[in-house]
Every structure is written in C-alpha cells, then in structure tokens.
Amino acid sequence: RKDYFTRFFDDQAVAAAVFKHVEENNILSTMSYNPSYCSILCMALGPFFVQRHRDPQRVPKTITQLYSYYICNILKNHRREIESPREVLLRLGQMAFAGVAEKKIVFTDGDLIKYNLQPSQFLSGFLVEFLDREDCARSVVYTFPHLTIQEFVAALAQFLIPQSGDILK
C-alpha cells in the first residue's frame with residue numbers, strides 16, 4: 001500500500017504525509033487496501049499536503065468528504081475544458097443514476113450520446129476508458145473508477161437537479 005503512495009507523488013514528503021493521514025484514519029486505511037481506492041485517496045488528499053498554509057481540520061476524514069474533494073479537484077482542474085462543468089456533471093450524474101438503477105457499471109458511446117456527453121479530459125476525471133473487444137469488433141467503453149464513485153455522482157446529481165422526481169421512483 002505504501003508503495004502506491006510513493007509512486008503516485010513525485011514529492012516523497014507529500015507521499016509520506018498523505019499515507020500517514022490515511023493510516024491514522026480507520027475508514028481511509030481500510031479503503032487503502034483496494035488499489036482503485038488508493039488512486040482516489042491520492043487524488044483527493046494530495047492537494048491538502050502540497051499547500052503551504054493548509055488547515056489540518058479541512059483534510060477529509062470521511063468517505064463523503066473524500067469524494068466531495070475528489071469531485072471538486074476534477075471540477076477545478078478541468079474547468080476550462082468545457083463550457084458548463086455543472087451541467088456536464090449533472091448529465092453524468094443522471095447517467096450514473098440510471099446505471100445504478102439498472103445495475104450497469106459499463107457504459108458505451110451510445111450511453112454518452114443519450115445523456116449528451118462527449119469524451120473529454122473533463123469526463124476522463126470521472127470515467128475510465130477501456131478498449132472492449134467483442135468478436136472482431138473493437139469499441140471503447142467507459143466505467144467509473146469504482147462503483148462507489150458512480151453511486152456518489154448519481155446521488156449528488158439527484159440532490160442538485162431541481163425538483164427531481166426520479167429519486168422517489
């Protein structure tokens with residue numbers, strides 16, 4: 001586990017500080033045994049340990065805080081690449097919600113088109129691309145880094161969409 005953190009960060013002092021924070025928190029420590037969570041932990045926690053005047057009280061300690069900062073980092077780092085990050089996040093959340101409802105974790109270009117989404121650097125922060133081979137045909141498919149991220153984005157969108165009746169169905 002520690003090796004993942006040291007490879008993720010160029011600055012080994014940051015890697016050590018992030019890993020120490022994770023180790024000191026039972027919830028985050030348990031998450032760190034799963035490599036896909038390690039990536040999420042590093043991306044969400046890293047900025048807190050790079051800042052010179054960081055506030056230790058603001059460093060995420062819960063999964064909800066961690067995922068919130070994970071989303072914020074994506075929004076902050078890729079904001080210029082799309083016209084309306086909030087609208088794209090809401091459409092992505094609607095696709096995630098439909099996926100959760102249908103027990104679907106792999107999405108196709110058709111799914112992106114249905115929700116008026118286009119592959120971009122912004123979406124790559126949320127979705128991982130895979131090359132799918134069926135018979136002789138090749139196509140790209142998309143998935144969230146972890147099902148819990150899909151569920152969080154789905155819940156976030158349902159909360160943010162005004163008067164969304166779908167959440168009660």
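Trainee: How many salt bridges does the structure hold?
Mentor: This is a predicted model, and it holds four salt bridges.

Trainee: Why is the pairing of R1 with E23 called a salt bridge?
Mentor: The term requires a side-chain nitrogen of Lys or Arg within 4 Å of a carboxyl oxygen of Asp or Glu. The closest N and O atoms of R1 and E23 are 2.5 Å apart, and therefore the pair qualifies. R1 lies in the segment before α1 (2–8) and E23 in helix α2, so that distant parts of the chain, 22 residues apart, are linked.

Trainee: How are helices α2 and α4 arranged where they pack?
Mentor: Helix α2 (residues 12–23) and helix α4 (residues 35–50) pack at an angle of about 115°, and their axes are 9 Å apart. The crossing is right-handed.

Trainee: Which residues make that contact?
Mentor: From α2 they are V14, A17, V18, H21 and V22, and from α4 they are L41, L45, G46, F49 and V50.

Trainee: What makes two residues of this contact polar?
Mentor: The contact has eight nonpolar, two polar and no charged residues.

Trainee: Which residues line the largest cavity?
Mentor: The lining consists of L112, P119, S120, L123, S124, L127, E129 and Y142. By class, five are nonpolar, two polar and one charged; Glu counts as charged, so E129 is the charged residue. The volume of this cavity is about 50 Å³, and the structure holds one cavity of 30 Å³ or more.

Definitions and conventions: Residues numbered from 1 in each chain as written. Predicted model: local features only at pLDDT ≥ 70, side-chain atom pairs only at ≥ 80, totals over all residues. Heavy atoms only, no water. 1 Å grid on protein atoms, 1.4 Å probe; cavity = no way out; pocket = protein on both sides within 12 Å on 5 of 7 lines; lining within 4 Å. Points joined across faces, edges and corners; volume = space filled by probe spheres on them. Axes fitted to C-alpha atoms, helices over the stretch in contact; angles between N-to-C directions. Helix = DSSP H or I, 4+ residues; strand = E, 2+ residues; numbered from the N terminus. Left-handed = near helix turned anticlockwise from the far one by under 90°. Contact = heavy atoms within 4.5 Å.
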